[in-house]
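Hi,

Here is the structure I promised to pass on.

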Amino acid sequence: MHELSLAQEIISITEQYYSSDENERVKSIKVKIGKLQNVLPDSLEFCFNALIQNSKLERAKMMIELIPIKFECKGCNDISEPESFLFVCPTCGNSDITIISGNELTISEIEFEDSLTN
Amino acid sequence: MTLITVERKVLEKNDVVANDIRSTLKSNNIFSFNLLSSPGSGKTSLVERTIAYLKDKIALGVIEGDVQTDLDAQRIDRLGVPVAQIVTNGGCHLDAGLVRDALTQIDYTKLKVLIIENVGNLVCPAGYDLGEDTKVVLLSTTEGDDKPLKYPAMFRNASVLIINKIDLLPYVNCSVKQIREHALAINPALKIFETSCTTDEGIPAWCNWILAQANQ
(Lines give C-alpha, C1' and ligand atoms only; values in the text may rest on other atoms or scores of the structure.)
Protein backbone atom coordinates (compact mmCIF):
# COMPACT_ATOMS: atom_id res chain seq x y z
CA MET A 1 0.00 0.00 0.00
CA HIS A 2 2.63 2.57 -0.92
CA GLU A 3 -0.23 4.55 -2.48
CA LEU A 4 -0.78 6.12 0.95
CA SER A 5 2.79 7.49 0.99
CA LEU A 6 2.39 8.69 -2.59
CA ALA A 7 -0.87 10.50 -1.74
CA GLN A 8 0.93 12.22 1.16
CA GLU A 9 3.74 13.35 -1.16
CA ILE A 10 1.23 14.65 -3.73
CA ILE A 11 -0.52 16.68 -1.02
CA SER A 12 2.73 18.02 0.35
CA ILE A 13 3.85 19.21 -3.11
CA THR A 14 0.43 20.79 -3.77
CA GLU A 15 0.59 22.71 -0.48
CA GLN A 16 3.67 24.51 -1.78
CA TYR A 17 1.42 26.26 -4.33
CA TYR A 18 -1.07 27.65 -1.78
CA SER A 19 -1.53 31.38 -1.38
CA SER A 20 -2.27 33.09 1.92
CA ASP A 21 -5.99 33.17 1.06
CA GLU A 22 -7.76 30.93 3.61
CA ASN A 23 -10.77 30.53 1.31
CA GLU A 24 -8.72 29.25 -1.58
CA ARG A 25 -9.67 25.71 -2.67
CA VAL A 26 -8.04 23.27 -5.08
CA LYS A 27 -10.37 22.07 -7.82
CA SER A 28 -8.27 19.31 -9.34
CA ILE A 29 -4.85 17.74 -9.50
CA LYS A 30 -3.60 15.97 -12.59
CA VAL A 31 -1.27 13.04 -11.93
CA LYS A 32 0.60 10.94 -14.49
CA ILE A 33 1.28 7.32 -13.60
CA GLY A 34 3.44 5.10 -15.78
CA LYS A 35 2.38 1.48 -15.95
CA LEU A 36 5.84 0.41 -14.78
CA GLN A 37 5.28 2.07 -11.41
CA ASN A 38 3.15 -0.59 -9.69
CA VAL A 39 0.65 2.06 -8.58
CA LEU A 40 -3.04 1.18 -8.34
CA PRO A 41 -5.00 4.26 -9.46
CA ASP A 42 -8.07 3.32 -7.37
CA SER A 43 -5.96 2.90 -4.21
CA LEU A 44 -4.16 6.19 -4.83
CA GLU A 45 -7.46 8.01 -5.25
CA PHE A 46 -8.90 6.31 -2.15
CA CYS A 47 -5.88 7.31 -0.02
CA PHE A 48 -5.91 10.85 -1.43
CA ASN A 49 -9.63 11.28 -0.63
CA ALA A 50 -9.07 9.99 2.90
CA LEU A 51 -6.33 12.55 3.54
CA ILE A 52 -7.88 15.75 2.18
CA GLN A 53 -10.70 16.34 4.66
CA ASN A 54 -10.86 19.84 6.18
CA SER A 55 -8.16 21.30 3.98
CA LYS A 56 -7.85 23.43 0.87
CA LEU A 57 -7.97 20.13 -1.00
CA GLU A 58 -11.30 18.97 0.48
CA ARG A 59 -13.19 19.30 -2.83
CA ALA A 60 -10.25 18.44 -5.07
CA LYS A 61 -10.60 15.75 -7.69
CA MET A 62 -7.59 13.68 -8.59
CA MET A 63 -7.38 13.08 -12.33
CA ILE A 64 -5.08 10.21 -13.17
CA GLU A 65 -3.55 9.74 -16.60
CA LEU A 66 -2.14 6.24 -17.10
CA ILE A 67 0.95 6.29 -19.29
CA PRO A 68 1.61 3.16 -21.37
CA ILE A 69 4.94 1.39 -21.49
CA LYS A 70 6.84 2.15 -24.69
CA PHE A 71 10.33 1.17 -25.68
CA GLU A 72 12.68 1.78 -28.56
CA CYS A 73 14.72 -1.07 -30.00
CA LYS A 74 18.43 -0.28 -30.13
CA GLY A 75 18.78 -2.63 -33.10
CA CYS A 76 16.06 -1.56 -35.57
CA ASN A 77 14.91 1.66 -33.81
CA ASP A 78 11.26 0.54 -33.88
CA ILE A 79 9.05 1.87 -31.09
CA SER A 80 6.75 -0.69 -29.44
CA GLU A 81 4.02 -0.68 -26.85
CA PRO A 82 4.13 -4.13 -25.21
CA GLU A 83 0.96 -5.70 -23.81
CA SER A 84 2.95 -7.43 -21.09
CA PHE A 85 6.24 -6.64 -19.41
CA LEU A 86 8.29 -8.63 -21.90
CA PHE A 87 10.90 -6.29 -23.27
CA VAL A 88 11.69 -7.90 -26.60
CA CYS A 89 11.34 -6.00 -29.86
CA PRO A 90 8.39 -7.54 -31.77
CA THR A 91 9.96 -6.48 -35.07
CA CYS A 92 13.47 -7.94 -34.81
CA GLY A 93 13.48 -9.97 -31.55
CA ASN A 94 16.22 -7.84 -29.99
CA SER A 95 16.09 -7.47 -26.21
CA ASP A 96 18.48 -4.50 -26.11
CA ILE A 97 15.92 -1.71 -25.74
CA THR A 98 15.48 1.73 -24.17
CA ILE A 99 12.32 2.46 -22.22
CA ILE A 100 10.86 5.74 -23.40
CA SER A 101 7.68 5.85 -21.32
CA GLY A 102 5.99 4.03 -18.45
CA ASN A 103 8.21 5.18 -15.58
CA GLU A 104 6.31 8.43 -14.95
CA LEU A 105 5.05 9.33 -11.50
CA THR A 106 4.46 13.06 -11.62
CA ILE A 107 2.05 15.81 -10.67
CA SER A 108 1.47 17.63 -13.93
CA GLU A 109 -1.17 20.28 -13.10
CA ILE A 110 -2.95 21.88 -10.17
CA GLU A 111 -6.15 23.80 -10.77
CA PHE A 112 -7.63 26.14 -8.16
CA GLU A 113 -11.34 27.01 -7.89
CA ASP A 114 -12.45 30.48 -8.92
CA SER A 115 -12.34 32.79 -5.96
CA LEU A 116 -15.84 33.75 -4.71
CA THR A 117 -14.81 37.38 -4.40
CA ASN A 118 -13.85 37.65 -8.08
CA MET B 1 -9.70 29.63 -12.95
CA THR B 2 -6.07 29.31 -11.98
CA LEU B 3 -4.24 26.47 -13.63
CA ILE B 4 -0.65 25.83 -12.63
CA THR B 5 1.62 23.58 -14.66
CA VAL B 6 3.71 21.69 -12.16
CA GLU B 7 5.46 18.68 -13.78
CA ARG B 8 7.17 17.54 -10.61
CA LYS B 9 8.06 14.02 -9.56
CA VAL B 10 5.84 12.73 -6.77
CA LEU B 11 8.89 11.13 -5.12
CA GLU B 12 11.22 14.11 -5.67
CA LYS B 13 11.84 14.52 -1.92
CA ASN B 14 12.88 10.88 -1.65
CA ASP B 15 15.12 11.21 -4.70
CA VAL B 16 16.96 14.22 -3.25
CA VAL B 17 17.74 12.31 -0.05
CA ALA B 18 18.67 9.19 -2.04
CA ASN B 19 21.15 11.19 -4.13
CA ASP B 20 22.68 12.62 -0.93
CA ILE B 21 23.11 9.09 0.44
CA ARG B 22 24.60 7.94 -2.87
CA SER B 23 27.21 10.67 -2.92
CA THR B 24 28.05 10.11 0.78
CA LEU B 25 28.56 6.38 0.18
CA LYS B 26 30.53 7.02 -3.00
CA SER B 27 32.86 9.50 -1.37
CA ASN B 28 33.57 6.87 1.29
CA ASN B 29 34.15 4.16 -1.37
CA ILE B 30 31.30 2.03 -0.06
CA PHE B 31 29.54 -0.42 -2.37
CA SER B 32 25.86 -0.72 -1.39
CA PHE B 33 22.95 -2.84 -2.48
CA ASN B 34 19.25 -2.94 -1.71
CA LEU B 35 18.15 -6.54 -1.05
CA LEU B 36 14.53 -7.18 -1.99
CA SER B 37 12.19 -10.18 -1.89
CA SER B 38 8.87 -11.48 -0.60
CA PRO B 39 8.67 -12.31 3.12
CA GLY B 40 10.34 -15.65 3.88
CA SER B 41 12.55 -15.94 0.78
CA GLY B 42 15.66 -16.00 2.91
CA LYS B 43 16.97 -12.41 2.82
CA THR B 44 18.29 -12.46 6.38
CA SER B 45 19.70 -15.98 5.97
CA LEU B 46 21.51 -14.84 2.83
CA VAL B 47 22.89 -11.81 4.68
CA GLU B 48 24.09 -14.13 7.47
CA ARG B 49 25.84 -16.50 5.05
CA THR B 50 27.31 -13.51 3.17
CA ILE B 51 28.71 -12.10 6.41
CA ALA B 52 30.13 -15.51 7.39
CA TYR B 53 31.94 -15.76 4.04
CA LEU B 54 33.10 -12.14 3.73
CA LYS B 55 33.61 -10.98 7.32
CA ASP B 56 37.37 -11.61 7.32
CA LYS B 57 37.82 -10.31 3.79
CA ILE B 58 36.06 -6.95 3.81
CA ALA B 59 34.29 -4.53 6.21
CA LEU B 60 30.51 -5.04 5.97
CA GLY B 61 27.61 -3.23 7.57
CA VAL B 62 23.89 -3.93 7.44
CA ILE B 63 20.71 -1.89 7.60
CA GLU B 64 17.76 -4.12 8.46
CA GLY B 65 14.27 -3.06 7.45
CA ASP B 66 11.28 -4.70 9.10
CA VAL B 67 7.62 -3.96 9.55
CA GLN B 68 7.84 -4.98 13.21
CA THR B 69 10.51 -6.25 15.67
CA ASP B 70 14.29 -6.06 15.65
CA LEU B 71 14.70 -9.85 15.43
CA ASP B 72 16.70 -9.66 12.19
CA ALA B 73 19.06 -7.02 13.58
CA GLN B 74 19.65 -9.27 16.61
CA ARG B 75 20.62 -12.11 14.25
CA ILE B 76 23.13 -9.87 12.43
CA ASP B 77 24.44 -8.34 15.64
CA ARG B 78 25.45 -11.82 16.86
CA LEU B 79 27.79 -12.06 13.87
CA GLY B 80 29.73 -9.04 15.07
CA VAL B 81 29.16 -6.60 12.20
CA PRO B 82 27.67 -3.09 12.52
CA VAL B 83 23.91 -3.19 12.11
CA ALA B 84 21.11 -0.61 12.27
CA GLN B 85 17.45 -1.55 12.49
CA ILE B 86 14.63 0.31 10.81
CA VAL B 87 11.14 -0.63 12.04
CA THR B 88 8.57 0.81 9.65
CA ASN B 89 5.61 0.18 12.01
CA GLY B 90 3.41 -1.18 9.27
CA GLY B 91 5.01 0.71 6.37
CA CYS B 92 5.40 -1.56 3.35
CA HIS B 93 8.73 -0.22 2.06
CA LEU B 94 11.90 1.60 3.08
CA ASP B 95 12.41 5.13 1.84
CA ALA B 96 15.58 7.18 1.59
CA GLY B 97 14.77 9.22 4.72
CA LEU B 98 14.63 6.06 6.83
CA VAL B 99 17.97 4.90 5.43
CA ARG B 100 19.56 8.30 6.12
CA ASP B 101 18.42 8.08 9.76
CA ALA B 102 19.69 4.50 10.05
CA LEU B 103 23.12 5.56 8.75
CA THR B 104 23.52 7.81 11.80
CA GLN B 105 23.37 4.67 13.99
CA ILE B 106 26.49 3.04 12.54
CA ASP B 107 30.01 4.25 11.81
CA TYR B 108 29.67 3.72 8.08
CA THR B 109 32.92 5.48 7.23
CA LYS B 110 34.85 2.30 8.07
CA LEU B 111 32.72 0.12 5.78
CA LYS B 112 33.43 -1.10 2.26
CA VAL B 113 30.08 -2.86 1.74
CA LEU B 114 26.64 -1.76 2.96
CA ILE B 115 23.75 -4.19 2.71
CA ILE B 116 20.26 -2.69 2.97
CA GLU B 117 17.71 -5.44 3.64
CA ASN B 118 14.34 -4.09 2.61
CA VAL B 119 10.92 -4.99 4.01
CA GLY B 120 9.63 -8.29 2.58
CA ASN B 121 7.48 -7.15 -0.34
CA LEU B 122 7.88 -7.55 -4.11
CA VAL B 123 5.67 -4.57 -5.03
CA CYS B 124 6.02 -1.37 -3.02
CA PRO B 125 9.82 -1.11 -2.53
CA ALA B 126 10.47 -1.28 -6.29
CA GLY B 127 9.93 2.45 -6.88
CA TYR B 128 11.90 3.85 -3.94
CA ASP B 129 15.51 4.80 -4.58
CA LEU B 130 17.47 4.38 -1.33
CA GLY B 131 20.73 5.76 -2.69
CA GLU B 132 22.09 2.25 -3.25
CA ASP B 133 24.45 1.29 -6.07
CA THR B 134 22.21 -1.52 -7.19
CA LYS B 135 19.12 -3.58 -6.41
CA VAL B 136 19.39 -7.31 -5.76
CA VAL B 137 16.17 -9.32 -5.91
CA LEU B 138 15.95 -12.67 -4.15
CA LEU B 139 13.47 -15.35 -5.19
CA SER B 140 13.26 -18.74 -3.51
CA THR B 141 12.32 -21.99 -5.21
CA THR B 142 9.38 -22.44 -2.81
CA GLU B 143 7.66 -19.36 -4.27
CA GLY B 144 7.24 -20.82 -7.75
CA ASP B 145 8.79 -20.02 -11.11
CA ASP B 146 6.08 -17.58 -12.26
CA LYS B 147 7.06 -14.78 -9.86
CA PRO B 148 9.15 -12.73 -12.32
CA LEU B 149 6.07 -12.48 -14.56
CA LYS B 150 3.83 -11.53 -11.63
CA TYR B 151 6.14 -8.83 -10.22
CA PRO B 152 7.87 -7.51 -13.35
CA ALA B 153 8.76 -4.04 -12.04
CA MET B 154 10.92 -5.53 -9.29
CA PHE B 155 12.80 -7.77 -11.72
CA ARG B 156 13.12 -4.96 -14.25
CA ASN B 157 14.63 -2.57 -11.70
CA ALA B 158 17.14 -5.06 -10.24
CA SER B 159 20.54 -5.83 -11.70
CA VAL B 160 21.03 -9.11 -9.83
CA LEU B 161 18.67 -12.06 -9.24
CA ILE B 162 19.46 -14.65 -6.60
CA ILE B 163 17.52 -17.90 -6.84
CA ASN B 164 17.63 -19.17 -3.25
CA LYS B 165 16.75 -22.46 -1.51
CA ILE B 166 18.01 -24.52 -4.44
CA ASP B 167 18.57 -27.40 -1.99
CA LEU B 168 14.76 -27.72 -1.86
CA LEU B 169 14.38 -28.23 -5.63
CA PRO B 170 13.73 -32.00 -5.34
CA TYR B 171 10.72 -31.28 -3.10
CA VAL B 172 9.03 -28.33 -4.83
CA ASN B 173 7.28 -27.83 -8.14
CA CYS B 174 9.66 -25.19 -9.47
CA SER B 175 11.90 -25.00 -12.50
CA VAL B 176 15.05 -22.88 -12.25
CA LYS B 177 15.18 -22.88 -16.06
CA GLN B 178 11.71 -21.27 -16.12
CA ILE B 179 12.70 -18.66 -13.51
CA ARG B 180 15.72 -17.76 -15.61
CA GLU B 181 13.73 -17.55 -18.84
CA HIS B 182 10.97 -15.43 -17.31
CA ALA B 183 13.36 -13.12 -15.49
CA LEU B 184 15.60 -12.61 -18.53
CA ALA B 185 12.58 -11.85 -20.74
CA ILE B 186 11.77 -8.96 -18.39
CA ASN B 187 15.38 -7.91 -17.83
CA PRO B 188 17.95 -9.43 -20.21
CA ALA B 189 20.80 -7.75 -18.32
CA LEU B 190 20.11 -9.56 -15.01
CA LYS B 191 23.08 -11.32 -13.45
CA ILE B 192 21.78 -14.55 -11.88
CA PHE B 193 23.12 -16.58 -8.95
CA GLU B 194 21.73 -19.81 -7.50
CA THR B 195 22.21 -20.27 -3.77
CA SER B 196 21.36 -22.38 -0.75
CA CYS B 197 21.84 -20.90 2.70
CA THR B 198 21.64 -24.43 4.16
CA THR B 199 24.37 -26.10 2.09
CA ASP B 200 26.20 -22.85 1.16
CA GLU B 201 26.07 -23.85 -2.52
CA GLY B 202 26.52 -20.76 -4.66
CA ILE B 203 27.41 -18.52 -1.72
CA PRO B 204 31.10 -18.17 -2.72
CA ALA B 205 30.18 -17.09 -6.27
CA TRP B 206 27.72 -14.49 -4.95
CA CYS B 207 30.21 -13.20 -2.37
CA ASN B 208 33.00 -13.00 -4.93
CA TRP B 209 30.73 -10.84 -7.08
CA ILE B 210 30.26 -8.48 -4.08
CA LEU B 211 34.05 -8.38 -3.56
CA ALA B 212 34.59 -7.55 -7.23
CA GLN B 213 32.05 -4.69 -7.05
CA ALA B 214 33.55 -3.33 -3.83
CA ASN B 215 37.09 -3.45 -5.18
CA GLN B 216 36.26 -1.70 -8.44
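Leaving aside residues up to four places away in sequence, A:C92 touches A:C73, A:G75 and A:C76. Keep in mind throughout that this is a predicted model. The C-alpha atoms of A:C92 and A:C73 are separated by 8.5 Å, with the two residues 19 apart along the chain. You'll find A:C92 in the loop between β4 (79-80) and β5 (97-101) of chain A. Is A:C92 buried or exposed? A:C92 has 11 C-beta neighbours inside 10 Å, and the cut-off for exposed is 12 or fewer, so A:C92 counts as exposed.

Another loop in chain A, the one between β3 (70-73) and β4, holds A:N77. The phi of A:N77 is near 65°, which is positive even though the residue is not a glycine. As background, most residues other than glycine have a negative phi. A:N77 also counts as exposed, because it has 10 C-beta neighbours inside 10 Å.

Now to where the chains meet. The contact takes 24 residues from chain A and 24 residues from chain B. On the chain B side, the elements giving two or more residues are β1 (2-9), α6 (152-157) and α7 (176-186). Which of them gives the largest share? That is β1(B), with eight residues. Sorted by class, the chain B side has 15 nonpolar, four polar and five charged residues.

β1(B) also joins a sheet with chain A. Four strands make up this open sheet, in the order β2(A)-β1(A)-β6(A)-β1(B), and the pairing is mixed. The edges are β2 (61-67) of chain A and β1 of chain B; each has a single partner strand, so one side of each has no neighbour in the sheet. From one strand to the next, the twist averages 15°.

If you want to trace it on screen, A:F112 has B:T2 as its bridge partner, and A:I107 has B:R8. B:E7 sits in this strand of chain B too. B:E7 counts as exposed, because it has 10 C-beta neighbours inside 10 Å.

Two helices of chain A lie across strands of this sheet. Helix α1 (residues 3-15) lies across β1 (26-34) and β6 of chain A together with β1 of chain B, at about 130° to β1(A). Helix α2 (residues 41-51) of chain A lies across β1 and β2 of that chain, at about 160° to β2(A).

Last, a helix in chain B: α8 (residues 203-214). Its 12 residues should span 16 Å at 1.5 Å a residue, and the end C-alpha atoms are 17 Å apart, which agrees. B:W206, B:C207, B:I210 and B:A214 are the buried residues in α8(B). Why do the buried residues of α8(B) line one face of the helix? Seen down the axis, they fall within an arc of 95°, so they share one face. They pack against β2 (31-36), α2 (43-54), β5 (113-117), β7 (160-164) and β8 (191-194) of chain B. On the other side of α8(B), B:A205 and B:A212 are exposed.

Over to you,
and best wishes

Key
Residues are numbered from 1 along each chain as its sequence is written. Chains are lettered from A and ligands numbered from 1 in the order in which they are written. This is a predicted model: local features need pLDDT of at least 70, side-chain atom pairs count only at pLDDT 80 or more; totals for chains, interfaces and linings use all residues. Two residues are in contact if their C-beta atoms, placed from the backbone, lie within 7 Å. Ala, Val, Leu, Ile, Met, Phe, Trp, Tyr, Cys and Pro count as nonpolar, Asp, Glu, Lys and Arg as charged, and the others, Gly among them, as polar. Two strands pair if DSSP finds at least two bridges between them. A residue is buried if 20 or more other C-beta atoms lie within 10 Å of its own, exposed if 12 or fewer, and partly exposed in between; C-beta atoms are placed from the backbone. Axes are lines fitted to C-alpha atoms, for helices over the stretch in contact, and angles run from 0 to 180 degrees between N-to-C directions. The expected span of a helix is 1.5 Å times one less than its number of residues. The arc is that of the directions from the helix axis to the C-beta atoms.
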